[in-house]
Amino acid sequence: MTVIDEKDYGTPAVTSDVTVHLEIDGKAVSVSAGTSVMRAAAEADTDIPSLCATDCLESFGSCRLCLVEVEGRRGTPASCTTPAEEGMKVITQSPRLTTLRRGVMDLYLSDHPSGDDLPMQDLAKLLGMTESRYGTDGHNHLKSIIDDSNPYFSFDPNQCILCSRCVRACEEVQGTFALTVEGRGFDSQISAGIAGEDFLASDCVSCGACVQACPTDSLLEKNVIEKGKPDHSVITTCAYCGVGCGFKAEVKGGEVVRMTPWKDGQANHGHSCVKGRFAWEYAFHADRITKPMIREKITDPWKAVSWDEAIAYGAKRLKAVQEQYGRKSIGGISSSRCTNEEVYVVQKLVRAGFGNNNIDTCARVCHSPTGYGLNQTFGTSAGTQTFDSVMDADVILVIGANPTEAHPVFGSQMKRRLRQGARLIVIDPRVIDLVKTPHVAAELHLPLKPGTNVAMINALAHVILTEGLEDKAYIKDRCEDQAFADWCAFIRDEKNSPEMAEQYTRVAAADVRAAARLYATGGGLDHKGNSAIYYGLGVTEHSQGSTAVMGLANLAMLTGNVGFSGVGVNPLRGQNNVQGSCDMGSFPHELPGYRPVGDEAVRGSFEKDWGLKLDPEPGLRIPGMFDEAVAGQYRGMYIQGEDVAQSDPNTAHVEAALRNLDCLIVQDLFLNETARFAHVFLPGTSFLEKDGTFTNAERRISMVNKVLEPVAGLDEWEITCRLSRAMGYDMHYDTSAEIMGEIARLTPTFAGVSFDKIKRQGSVQWPCNADAPDGTPIMHVDHFVRGKGHFVITEFVPTEEKVTRRFPLILTTGRILSQYNVGAQTRRTENNIWHEEDVLEIHQQDADDRGIRDGDWVNITSRMGETTLKARISDRMQPGVIFTTFHMPKSGANVVTTDNADWATDCPEYKVTAVEVRLTNHQSDWQEEFDHFSEETRHIAE
């Protein structure tokens, strides 16, 4: 294995219908019109030396090393800024050019440290130089102070040549504009924001784009400085959010040195965020459990045992539960952080090994309304577009999502499109970054009251329909006539007007009307602009989550914005494989491919392949599992890679359910909060130890290639197979590729998927079958999957969670950039330097009313429970609404959330909890109990 060296073409690729023909060093070359001479040469395998040029940034022309000669022209133009032209004859090597380049390099070397391992020295050697004739005795920058403030990389100004690649990467790729060139002439220097600020104190978001762009190692990962440069690379996929970024895991001597974003990653195109780029060392944290463990009672110390003993013990206890309480008294939860192959065998274990359909996944508590809503309207349970589609959008509507925090790489791409001129509507209770950030501002921000999404969406539709802004031809051609007629009668009703909705949403009717017109027309006078919808958990995690998703689908169909690039209904999935966990049949009513367990023909295909009869009755959803456990009827559970004790709502109820289990098997990297209640712990594998696939939010299936062998000795899918065999069902595979082969054999939308195809193409977007052998980037192109699009009546029903004099505030929850979900991974990295505790964001008015100052400890009380957090006064909040994250176990955010849920899918209503906030000087009772119980249940026997 070797280091994967990705070719840098110097300037970005250009797409054009016109081709120009030129000659470079006597070689005939053809490129798209607008391509730089530098890139044309690189495509012809002729390398021109440069320092300021890279193909992820626009040409700049400052280093003057890439000079060329052009026949018939005076001077020596920079090849990076000179476009290739028809008939042009270019010379890249000549005595004259060598002299000029050496002269430039001579000046660089005079103000640059020496050393054989420095990139500048390598380039100097290519030019036939080893040192500067000017020496380094004069005025220079060689005693500059190194900035080590960032936990992941350092900035050494001594090696900086002011090429501005880092500044341009921060602007063009990331869109943060944190870096600048400060000063003039010799005093010019790279500055992270305000004069005197270091990287940590600045607006830098540690995405790594500047490190990636730096040609001199002035910006360099601390790991590389300490451990040396890698000797080989493995392509894999990030295990954080649903963007699914491609990475090169770079290894030296069996140790991972760094993660570098893969230029050919089709979801991220060589960009990354702080989590994927740097927050991966949790995989080697001392908290990793590497041996199976068992115990009789949850108050007993854990005992490390062999794999055989642990699996036999777990199977014995599960069988005992079934013997006493019946076949349906046990079940399982699959992980959205595991691969498709690992998830597939878990649902197969439950159905074939346990003999029931009590299988669910974390999508239950996040995007299950997406599956239901899009299936009802479009006919399939997934988003419609690629991420790249946003670059063709003219109007972008973001509702209930915060892309720059939760999906930062896609957030950067969206900001790039907005800087190019796309117009933005944000519908969110908070002032998220996209409302106003450097060089980006929402044209309209509709700060609705949490819980009123459906009223808002209906009001938008009402305006579009009553003002005649609908796409009549599209609707007639693509949608069901009767369903549309019924929906029109409903949506025209004055109760759905912005003026009537204002009493619920608290958003001015005039702003709603302006947003509706902008979305309907795509910003164009001829009504032909493209409008795209992007939504997140702020839409789905409500009592009307499914209704809201169907409402968004109605909007898209009404305006003809489905079926081509630049439009669509795009759910921003939360976890790396939450889409895949759903695809793989992790719902209690559906087999892989979203096909009902009650369908005899569908079930029959699995029965034939698996060699046994399957239960035709849908099983329990996660909330049902907890209810039945509290009631004493559900007594055993196998949980793969999910921490329900921290992530699920109404923590007291969840903990009561887990305490009632006679057998709980947890398979994870760490002794998480759920493991406090477990009897068997099976150590899982990090993404660096996996071999399989993830499916991201755009239905893109990407390879997760094994970088290191599993530290616990077994592949995660093999652990599940061994438990299945111990339960009496002989499930056996030799490789994860064999599992994917079975998935493809039994799942029509995956029929053409294989590891070989994914590796050959880089990724595959399902459906991939005989009708779409290379996959399907954009869904519903000529017709909807269900045939005709189905408009659904979306009656607004106010949530049952009401504010009162006792509970006058609404608590809503979400994520931040540096932490991820329940924090199991990111809390075990240096990311804690940005966010070491969850805090409560509160508006100044609400704080003043309660005598609360910034940094005070406050008690948050709801109908369910109470917890204590520090207050942070924030102008991002509107009066009456407060916000917190749920990344830290002890915060107890879900102690106060209710068990109200979406009417169709049981997705919890995390986004609306009525609370009161008061000053306090002590922890809540739950937090006191958590400290005691957490310590008591985590003890491992020597």
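**Cavities, a buried helix and cysteines**

Modeller: Strand β31 supplies the largest share of the lining of the largest cavity, namely 3 residues. The model is a predicted one, in which local features require pLDDT of at least 70 and side-chain atom pairs pLDDT 80 or more, while totals for chains, interfaces and linings use all residues. Residues are numbered from 1 along each chain as its sequence is written, and side-chain values use heavy atoms, with hydrogens and water left out.

Biologist: What makes a set of points a cavity, and how many cavities of 30 Å³ or more are found?

Modeller: On a 1 Å grid over the protein atoms alone, a cavity is a set of points where a 1.4 Å probe fits but cannot get out, and its lining residues have an atom within 4 Å of a point. A volume is the space filled by probe spheres set on the points, which are joined across faces, edges and corners. The search finds 13 such cavities of 30 Å³ or more. The largest holds about 640 Å³ and is lined by 37 residues, with Leu537, Glu541, Thr813, Gly814 and Lys911 nearest its centre. Two or more lining residues come from each of α18 (537-540) and β31 (809-814); helices are DSSP runs of H or I of at least four residues and strands are E runs of at least two, numbered from the N terminus.

Biologist: How do the residues of that lining divide into nonpolar, polar and charged?

Modeller: Ala, Val, Leu, Ile, Met, Phe, Trp, Tyr, Cys and Pro count as nonpolar, Asp, Glu, Lys and Arg as charged, and the others, Gly among them, as polar. The division is therefore 15 nonpolar, 16 polar and 6 charged.

Biologist: Why is helix α4 called largely enclosed?

Modeller: Buried means under 20% relative accessible area, with exposed over 50% and partly exposed in between (1.4 Å probe, protein chains only). In α4 (residues 165-174), 8 of the 10 residues are buried, so the rest of the structure largely encloses the helix. Among them are Cys166, Val167 and Cys170.

Biologist: Why does Cys163 count as buried?

Modeller: Its relative accessibility is 9%, so Cys163 counts as buried. Cys366, at 10%, likewise counts as buried.

Technical notes. On a 1 Å grid over the protein atoms alone, a cavity is a set of points where a 1.4 Å probe fits but cannot get out, and a pocket is an open set with protein on both sides within 12 Å along at least five of seven lines; lining residues have an atom within 4 Å of a point.
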